[in-house]
Amino acid sequence: MPWWTMFSPTEPRTAGSPLVSVVLPTFNRLRYLPDAVASIFGQTLRDWELLIADDGSDGETRAYLQTLANPPRVRLIQLGHTGKPAVVRNTALREAGGEFVAFMDSDDVWMPNKLETQIASLRGHAGRGWSHTRFVLMDAARHTMREMPAADGWILGHLLKTETVIALPSVVVSRALLDQV
């Protein structure tokens with residue numbers, strides 16, 4: 001199988017496909033998962049699907065995840081435990097049908113207008129295939145530990161000088177770019 005088919009959706013996208021596919025891998029994160037999911041459901045942009053890939057969580061976490069399953073809006077992908085987040089994330093990515101893909105982690109939360117803002121920015125700049133946002137690192141009690149700004153324009157220099165960091169849950173990328181890469 002060619003390497004680029006690894007990330008291609010299993011079914012062709014159709015006119016009824018969601019604008020954004022949210023890819024959320026998880027493993028035994030019940031303490032944080034409800035807040036992460038609530039922040040997705042709280043988005044001002046409503047045209048999304050949520051793909052939760054569970055890496056073989058325990059019964060309590062699986063039971064919670066079953067309460068969320070509501071195809072086609074929320075799809076639960078149950079896996080045997082791999083311990084490899086990239087494998088889990090890529091399994092969900094193969095099922096993504098949206099024009100854009102947003103990445104989420106099970107211990108993170110999004111601001112309510114995150115998807116709306118990023119999609120508007122991407123659509124307003126046709127040459128851009130992805131974007132990232134600033135983010136705030138917080139402790140378990142939700143106290144701010146550090147704010148990380150997003151860089152504008154060409155960011156390679158900022159990354160090399162460690163002036164900016166790209167957290168995966170801040171990224172939205174066009175499916176066309178993912179398929180190309």
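Predicted model: local features only at pLDDT ≥ 70, side-chain atom pairs only at ≥ 80, totals over all residues.

Colleague: In what order do the elements run from the N terminus on?

Modeller: They go β-α-β-α-β-α-β-α-β-β-β-α-β-α.

Colleague: And how many strands form the open sheet?

Modeller: The open sheet has 6 strands, in the order S3-S2-S1-S4-S8-S5. Its pairing is mixed.

Colleague: Which are the edge strands?

Modeller: Strand S3 (74–78) and strand S5 (130–131). Each of these pairs on one side only.

Colleague: How many bridges join S2 to S3?

Modeller: There are 5 bridges between S3 and strand S2, residues 48–54. The two strands run parallel. In that pair, isoleucine 52 sits opposite leucine 76 of S3.

Colleague: Which strands does helix H2 touch?

Modeller: Helix H2, residues 59–68, packs on the sheet and touches strand S1 (20–26), S2 and S3. The direction of H2 makes about 150° with that of S3.

Colleague: Switching to helix pairs. At what angle do H1 and H2 pack?

Modeller: H1 and H2 pack at about 15°, and their axes are 12 Å apart.

Colleague: What does that make them, parallel or antiparallel?

Modeller: Roughly parallel, because angles under 35 degrees count that way. The crossing of H1 and H2 is right-handed.

Colleague: Which residues make the contact?

Modeller: H1 brings Leu33, Pro34 and Val37. H2 brings Thr61, Tyr64, Leu65 and Leu68.

Colleague: Now the inside. How many residues has the largest nonpolar core?

Modeller: That core has 24 residues. Val20, Val22, Ile40, Leu50 and Leu115 have the most contacts inside it.

Colleague: Which elements each supply at least two residues of this core?

Modeller: S1, helix H1 (33–41), S2, H2, strand S4 (100–103) and helix H4 (114–124). The largest share, 4 residues, comes from H1.

Colleague: Take isoleucine 40. What is it in contact with, leaving aside neighbours within four places in sequence?

Modeller: Isoleucine 40 is in contact with Val22, Leu24, Trp48, Leu50, Met104 and Trp110.

Colleague: What about another core? How many residues are in that?

Modeller: Another core, of 13 residues, lies apart from the largest one. Leu51, Ala92, Leu93 and Leu178 are among its residues.

Colleague: Why would nonpolar side chains gather like that?

Modeller: In soluble globular proteins, nonpolar side chains tend to be buried together.

Colleague: Last one. What share of the protein's residues counts as buried?

Modeller: 39% of the 181 residues.

Definitions and conventions. Residues numbered from 1 in each chain as written. Heavy atoms only, no water. Pairing = 2+ DSSP bridges. Contact = heavy atoms within 4.5 Å. Axes fitted to C-alpha atoms, helices over the stretch in contact; angles between N-to-C directions. Core = buried A, V, L, I, M, F, W, Y, C linked by side-chain atoms within 4.5 Å. Buried < 20%, exposed > 50% of the residue type's maximum accessible area, 1.4 Å probe, protein only. Parallel < 35°, antiparallel > 145°, perpendicular 65-115°, else oblique. Left-handed = near helix turned anticlockwise from the far one by under 90°.
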